[in-house]
Every structure is written in C-alpha cells, then in structure tokens.
Amino acid sequence: MQVAKTGFVFVIATAGIMVSAQQAVQNPPGTPAGGGRKGGLPNLGRTTFPQQTRKLAPPEVLARGKAVYGVNCSGCHGPDLRGGDQGGPSLLRSLVALGDQHGEEISPIIHGARQEQGMPKFNLNDADTTAVAEYIHSVLATVEGAGAPPRSADPSKLNVLVGNAQAGEAYFRANCANCHSVTGDLKGIGANYADPRILQNAWVSGRLAGGRGGRGVKPSTVTVTFPDGQRLEGELIREDDFIVTLMLPDGTRKSIARNGDLPKLEVHDPDAAHKKMIFALADKDMHNVTAYLATLK
C-alpha cells in the first residue's frame, strides 16, 4: 500500500484502486459501489456525520424515548426536532444534542439546568430522560445534512398514550373528582381531542374543554374588602402593589389604589389547584390520567 499527499488530499493506492480520503469519508463502508450514482461515479454529495455512524439504543428504549418526547418535548422542539409551535429551538444543530452520548448532557437540561434561559424543568425520571436523549440521537441519525430535516419524521405516528387507563381512573377519582366529573364537565372529553398531546397539555394546565361546550377558560376573580367593610367582587383584570383593576358584574371597569395591604384582596384562581399539582405530578400519573381521559368518548 502506498500513501501519497497531493495538495490537501491524501490518496491511498492499494491493489490497483485509488481512493481519496475525501471520497472515503463521503462513501463510508457499506455504501453501494459507485455511491449510487449513474456510471459508477462517487457520490460526492453524501456526507456521513457522527450521529449517522453511532450505535443506536435498543428498540424498546427508542420507543420509550419517542413516547416521552412526544408528550413533553414536541410542543416546543417539534416532532422532527426542527422547533415547535411553542417557540423552542431546533435541536438538529444543537451542540448539546450532537455532543451528548447517552443523556449525560441532555438530562441535566431536562431536569432544570437551563430554567433561566426559558427551558422549563420536567419531572421525569432518569430512565425517561436517557430514553429521550437516545431518541433524539436516533432522529439526528436520519438527517440528510447539517441541520436538514429528518428523512422520515411523521408526527401523526407518535404514540403518546403510553399510560395505564385503569391506574389513571384511580388517580382521577382520588385527586380530581372533587372538582371534575366524567358525567358532567368532562363528559365525552376523549372525543374532543384528536391529538392526545393536546389532551394532556389541556388537563394538566386546567384548560380542558369538556363535552357539550365545555367549561372553557375561567378567569380569576377578586374580592376587594375596604377598611369600612364594603366589598366589591368581579373579574380580576390587573393586580400589583399599587393598584387593582376589576370588571364588575355589570361590565364596568374599576381601578382601586392600594396602600400596602389595603384594601384587602382575595384572589380566586380557578386553576390554582392545577398549578399546585404540576409541582407534585409524577410523570407516570400524568400518562395514566391522559390514557384514562382518552377513553371517555
């Protein structure tokens, strides 16, 4: 074997075959002879990236990661990693995603390492975060070029109903039935959401639209109590340390100056229970309840 350097290209000559190092990278082992080009010419347009040569995780890990990603990540980063409707960045050229091996760089971010940069913290266990990382690698392995879309990303095939419906019903009865009813405000809820991801986001946030028109989004209300005992009640428009603005039942807006804690305010947030629940909601329970609600057709 002889090795010669011609300009900036190394040429390897062996057994009568001459191949440039550039062509060797662009046509890795296993590429059909001729690189798939007519006439047997090398396919100089095809490049192999590290994500396309790494060994992927087992199918069961990728399936788990795909499901968890679909529920928790696709809204911001998109089902194909190109960025989603909620404004998350593309992961196709993310240095973290490209440099991560088995979740050691991605997992801390999922657990809240970048909250100051707008990335929320997710209550996922280590197995789920590792599975998400491995799934991201599997999608990156399908890209055609640096930052190009994956070859076969079909968001309609994401299976996010990975929970146990019976366990979800038990959780619902114990934690949700005091405020909601599957024969009342949530009657037929599963038929209202073709996409289980939207269903899950809706019930976790408290923004469910139930059967027969649903309850919609209820605004916060406020009770203002003055030092003389007089009270005003209405829809809360604005509240800060200096002023409170509310909409009275007759449609009149009223702004009231505040001095410290006077007048006294009692804000009634219909979503307070949901906001409190988010901090304690386990990923397993979230998936189970989603699977249960999806059965209520």
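Predicted model: local features only at pLDDT ≥ 70, side-chain atom pairs only at ≥ 80, totals over all residues.
1. Residues are numbered from 1 along each chain as its sequence is written, and side-chain values use heavy atoms, with hydrogens and water left out.

2. The secondary structure of the protein chain comes to eleven helices and eight strands, where helices (H or I, at least four residues) and strands (E, at least two) are DSSP runs numbered from the N terminus. Of the 297 residues in the protein chain, buried residues make up 37%; buried means under 20% relative accessible area, exposed means over 50%, and partly exposed lies in between (1.4 Å probe, protein chains only). Among contacts (heavy atoms within 4.5 Å) in the protein chain between residues at least 6 apart in sequence, 52% join residues at least 24 apart.

3. The pockets rest on a grid definition: on a 1 Å grid over the protein atoms alone, a pocket is an open set of points with protein on both sides within 12 Å along at least five of seven lines, and lining residues have an atom within 4 Å of a point. Grid points are joined across faces, edges and corners, and a volume is the space filled by probe spheres set on the points.

4. The largest pocket has a volume of about 900 Å³, and of the 31 residues that line this pocket, the closest to its centre are Val71, Asn72, Phe122, Asn201 and Met286. Helix H3 (59-72), helix H4 (74-77), helix H9 (196-205) and helix H11 (283-293) each supply at least two residues of its lining, and H9 gives the most, with six residues.

5. The second largest pocket has a volume of about 540 Å³, and of its 24 lining residues, the closest to its centre are His77, Pro89, Leu91, Ile109 and Met119. Two or more lining residues come from each of H3, H4, helix H5 (95-99), helix H6 (106-113) and helix H7 (126-140), with H6 giving the most, three residues.

6. Which residues of H9 are buried? They are Arg197, Leu199, Gln200, Ala202, Trp203 and Val204, and these buried residues pack against H3, H4, helix H10 (272-278) and H11. Just after H9, glycine 206 takes a positive phi of about 85°.

7. Glutamine 200, found in helix H9, is buried, with a relative accessible area of 3%. Leaving aside its neighbours within four places in sequence, glutamine 200 is in contact with Val71, Met286, His287 and Thr290. The side chain of glutamine 200 also makes a polar contact with the side chain of threonine 290 (2.7 Å); a polar contact is a pair of N or O atoms within 3.5 Å, where within protein one must be able to donate a hydrogen and the other to accept it, and residues adjacent in sequence count only if both atoms are side-chain atoms.

8. Why is H11 described as largely enclosed by the rest of the structure? Because nine of the eleven residues of H11 are buried; among them are Asp283, Met286, His287 and Thr290. The buried residues of H11 pack against H3, H7, helix H8 (165-175) and H9.

9. Serine 255 lies in strand E7 (residues 253-257) and is partly exposed, with a relative accessible area of 47%. The C-alpha atoms of serine 255 and threonine 245, ten residues apart along the chain, are separated by 4.2 Å, and the side chains of these two residues make a polar contact (2.9 Å).

10. A search of the whole structure finds zero disulfides, a disulfide being a pair of cysteine sulfur atoms within 2.5 Å. For cysteine 76, the nearest cysteine sulfur, that of cysteine 73, is 8.5 Å away, and cysteine 76 counts as partly exposed at 23% relative accessibility.

Note on methods:
1 Å grid on protein atoms, 1.4 Å probe; cavity = no way out; pocket = protein on both sides within 12 Å on 5 of 7 lines; lining within 4 Å.
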